Amino acid sequence: EDMPMATDTIKTHVEGGDLMYAFDCRLRTKSGDWCWVHHRGKVTERNPHGAPVRMSGVHQDCTARILAEQDRVGRLEAEAQNRAKSRLLAMLSHEIRTPMNAILGYAQLLQRESGLNIRQREYLDTIDSSGQHLLSLINDLLDMARLESGRISTVYSEFDIHQTVLNIHRMFCLRAIEKGVNLTFWSAPDVPSRLRTDMGKFRQVVTNLLSNALKFTEKGSVRVEISV
């Protein structure tokens, strides 16, 4: 692939275009390996008609320099991509949070209304918990950006594990019904009611597992079991 560039550069010099030629290209060594070589030279003698009769120059192994430059360029490009991704995630976070907070606000206002039957309250609870989960997903996106930059953080809290799993169950009930898949949860008697860990990451793990299970189950059932 380097041959046309090398040939054109030398040809331009020979025809009197440049005082000296210089370029980097790849050469295959006698052992069959490839290396980078810096070529530098010039025509040192011409005949009366101007045609070259003698040339001199140097071939210098520059493999280490080229590889270092490629590595530096690769790191700069990766850093630029990460910065662009972080800016995009921050923008998406802001754009999603605004309408999501409105949805949650109105759902919470409706929860205070009197005269709601049990099913209606369950629907509102599902809207609220699903909205809260969406907000946590936004934080997860930002966590991904922080993780790639080595700035991941863990936030510990104590929460009701059964209620958390029940809220996740409500989010997937409709999808399971639409697919005709029976979705069940089971908890061992010795599972404590409260758990201390990063609730956001706990919800993310359970949600991802359950989402994949429903996605790849065409018929039958999906069963989530909690045990110590």
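The protein chain has a radius of gyration of 33 Å, whereas a compact globule of 228 residues would have one near 17 Å. The radius of gyration is taken over C-alpha atoms, and the globule rule is 2.2 Å times the number of residues to the power 0.38. The C-alpha trace spans about 110 × 40 × 35 Å along its principal axes.

This is a predicted model, where local features need pLDDT of at least 70, side-chain atom pairs count only at pLDDT 80 or more, and totals for chains, interfaces and linings use all residues. Residues are numbered from 1 along each chain as its sequence is written, and side-chain values use heavy atoms, with hydrogens and water left out.

Now take the chain as a whole. The protein chain holds five helices and seven strands. Helices (H or I, at least four residues) and strands (E, at least two) are DSSP runs, numbered from the N terminus. From the N terminus on, the order is α-β-β-β-α-α-β-α-β-β-α-β. Of the contacts in the protein chain with a separation of 6 or more, 60% are between residues 24 or more positions apart. Contact means heavy atoms within 4.5 Å.

Next comes the surface. The protein chain exposes about 15900 Å². Carbon and sulfur atoms supply 56% of that area. Accessible areas come from the Shrake-Rupley method with a 1.4 Å probe; for residues, only the protein chains shown count as cover. Of the 228 residues, 25% count as buried. Buried means under 20% relative accessible area, exposed means over 50%, and partly exposed lies in between (1.4 Å probe, protein chains only).

D2 sits in the segment before α1 (3-14). Is D2 buried or exposed? D2 is buried, because its relative accessible area is 15%. Beyond its neighbours within four places in sequence, D2 is in contact with C25, R26 and W36.

Helix α1 follows. α1 has 12 residues and reaches 16 Å from its first C-alpha to its last, close to the 16 Å expected at 1.5 Å a residue. The expected span is 1.5 Å times one less than the number of residues in the helix. After α1 comes G16, whose phi is positive, near 95°.

Move on to helix α2, residues 63-111, where I96 is found. I96 counts as partly exposed because its relative accessibility is 37%. Which residues form a nonpolar patch with I96? L88, M91 and L92 do, and the four have about 330 Å² of accessible area together. Patches are made of residues with over 30% relative accessible area and no salt bridge: like charges are joined within 9 Å, nonpolar side chains (Val, Leu, Ile, Met, Phe, Trp, Tyr) within 5 Å.

Charged pairs come next. Side chains of opposite charge can pair when their charged atoms come close. The structure holds nine salt bridges. A salt bridge is a side-chain nitrogen of Lys or Arg within 4 Å of a carboxyl oxygen of Asp or Glu.

E69 forms a salt bridge with R65, and their closest N and O atoms are 3.3 Å apart. E69 and R65 are separated by about one helical turn, because they are four residues apart in helix α2. E69 is partly exposed at 34% relative accessibility, and R65 is partly exposed at 36%. D71 forms a salt bridge with R75, with the closest N and O atoms 2.2 Å apart. D71 and R75 are also four residues apart in helix α2, so about one helical turn separates them. D71 is partly exposed, with a relative accessible area of 43%. R75 is partly exposed, with a relative accessible area of 43%.

Another salt bridge joins R194 and E158, whose closest N and O atoms are 2.9 Å apart. This pair links distant parts of the chain: R194 is in strand β6 (residues 194-197), E158 is in strand β4 (residues 157-160), and they are 36 residues apart. R194 counts as partly exposed because its relative accessibility is 42%. Elsewhere, salt bridges that share partners join E1, D2 and R26 into one network.

Finish at helix α4, residues 161-179, where C173 is found. C173 is partly exposed, with a relative accessible area of 25%. C173 and L183 are 10 residues apart along the chain, and their C-alpha atoms are separated by 7.0 Å. N167 lies in helix α4 too. N167 is buried, because its relative accessible area is 16%. N167 and R203 are 36 residues apart in sequence and 9.7 Å apart in space, C-alpha to C-alpha.
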